[in-house]
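Hi,

Here is the structure I promised to pass on. My notes follow below it, sorted by topic.

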Amino acid sequence: MGLTAFPNGILATPMVGAGRLADMFQSGNIWFVDGSATSNGTGTTPDGASTSISAAITVASKDATIYVKPRTTTASAQTYYADNLTIPITKPNMAIVGCGNTTGASSGVQLKPSTVTDHLITVNGAGATFENMRLTLTGGTADVDKCIINAVRDTGTTRVVADLTVRYCRLENDKSHPSYSGTNAVAAIGLGSANYVVIEHNVFSQCLGGIVSQETNGTTRDLTIRGNIFGGLPANRDVDIWLSLSASYNINIMDNVFADGLPNHTGGGVKRFIKIEGATAVGLVSGNSFATTTDSFTSAGSQAIIPDTFFVGRNYFNNGLCTGA
């Protein structure tokens, strides 16, 4: 018997998502983006890929996984996708996955805004996942209260942002001062009443605000921030994690590295590695390492403000184990 000719090779299209529970059983749920393609395709096959991520979001179904091919050159030149993404409320469980190496700025999927006065990514639908991309506001406008990822639940329930996952990404050059109001939160990742959130194994670099979370429609709970690196020149950072909480619970900040020194941005209003507000909130701050020689991690600490209601332990600074945390 002769060898069968497979149109997409022996590892055909449905096999791409085998490691992601077969991408919700495959049928109509796997999409492709190639920014170097000569024309915009339907996105359903690698050879017929969409040329932008936003185009793929438009045609993809709910529960879709969108695979994005890096834009590379033979000169190893930095090449971006310039786009602004919105995950609709009507398309829950959407995952956008970058292919390739994203440890730096010269390979892998690089995404910056095309509309520089807007969020790079706006999340309105539940269950969104972002993996393995460099997400940056490079080229964006400084201090216009915009985020790299904005996931804020509203009282009108036009935005339902539970179950957000951000992992293995590099978030860089957040330009707006960290802040929160009754309706929004501003940082590289801005969260508002976003429950069941996992932010893990990312690198935050040169971000004025790393993660800011506050309550826009209900109590925050089940927030996990683990295994991330927060770095960049201290003068280019104001706060790495800032949480405003009420009767929140299961808030876990674990095994992160806070590098390069205490944030001290001129004009910054926080100047801490971590600031947690909310006297009734409970959670855990554990296993973190801080680039500082000062041991001050308390409810009024100069390095981190952690309420007495939180459980703390096994955190480290330059001279050893933190006594206050």
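Which residue in β29 is the bridge partner of Val285? Val312 is. Before I go on, the housekeeping: this is a predicted model, with local features needing pLDDT of at least 70, side-chain atom pairs counting only at pLDDT 80 or more, and totals for chains, interfaces and linings using all residues. Numbering starts from 1 along each chain as its sequence is written, and side-chain values use heavy atoms, with hydrogens and water left out.

**The sheets**

Helices (H or I, at least four residues) and strands (E, at least two) are DSSP runs, numbered from the N terminus. Two strands pair if DSSP finds at least two bridges between them.

Ser286 has Gly313 of β29 opposite it.

These strands belong to an open sheet of 10 strands with parallel pairing, in the order β1-β2-β5-β8-β11-β16-β19-β22-β25-β29. At its edges are β1 (30-34) and β29, each pairing on one side only. From one strand to the next, the twist averages 10° (axes are lines fitted to C-alpha atoms, for helices over the stretch in contact, and angles run from 0 to 180 degrees between N-to-C directions).

There is also an open sheet of nine strands, again with parallel pairing, ordered β4-β7-β10-β15-β18-β21-β24-β28-β27. Here the edge strands are β4 and β27 (297-298), and each pairs on one side only. Three bridges hold the parallel pair of β4 and β7 (residues 121-123); among the partners, Ile87 goes with Val123 in β7.

**Two buried loop residues**

Asn84 sits in the loop between β3 (81-82) and β4 (85-87). Its relative accessibility is 16%, so it counts as buried (buried means under 20% relative accessible area, exposed over 50%, partly exposed in between, with a 1.4 Å probe and protein chains only). Leaving out residues up to four places away in sequence, Asn84 touches Ser54, Pro113, Ser114, Thr115, Asp118, His119 and Leu120, where contact means heavy atoms within 4.5 Å. Pro113 is 29 residues from Asn84 along the chain, yet their C-alpha atoms are separated by 5.3 Å.

Ser248 is in the loop between β21 (239-244) and β22, and is buried because its relative accessibility is 2%. A polar atom of the Ser248 side chain lies 3.0 Å from the backbone oxygen of Thr220. Beyond four places in sequence, Ser248 touches Glu215, Thr219, Thr220, Thr280, Ala281 and Val282.

**Rings**

The structure holds eight aromatic pairs (rings of Phe, Tyr and Trp, the last by its six-membered ring, with centres within 6.5 Å; planes under 30 degrees apart count as stacked, over 60 as edge-to-face and the rest as tilted). One of them is Phe273 with Phe290: the centres are 5.4 Å apart and the planes at 55°, so this pair is tilted. Phe273 lies in β24 (residues 272-277) and Phe290 in β26 (residues 289-290), so the pair ties together parts that are 17 residues apart in sequence. Phe273 is buried at 0% relative accessibility, and Phe290 is buried at 4%.

Most residues other than glycine have a negative phi. Asp255, not a glycine, has a positive phi of about 60°; Asp255 is in the loop between β22 and β23 (257-258) and is partly exposed at 41%. Arg314 has a positive phi near 60° too; Arg314 is in the loop between β29 and β30 (316-317) and is partly exposed at 47%.

Cheers

Notes:
A polar contact is a pair of N or O atoms within 3.5 Å; within protein, one must be able to donate a hydrogen and the other to accept it, and residues adjacent in sequence count only if both atoms are side-chain atoms.
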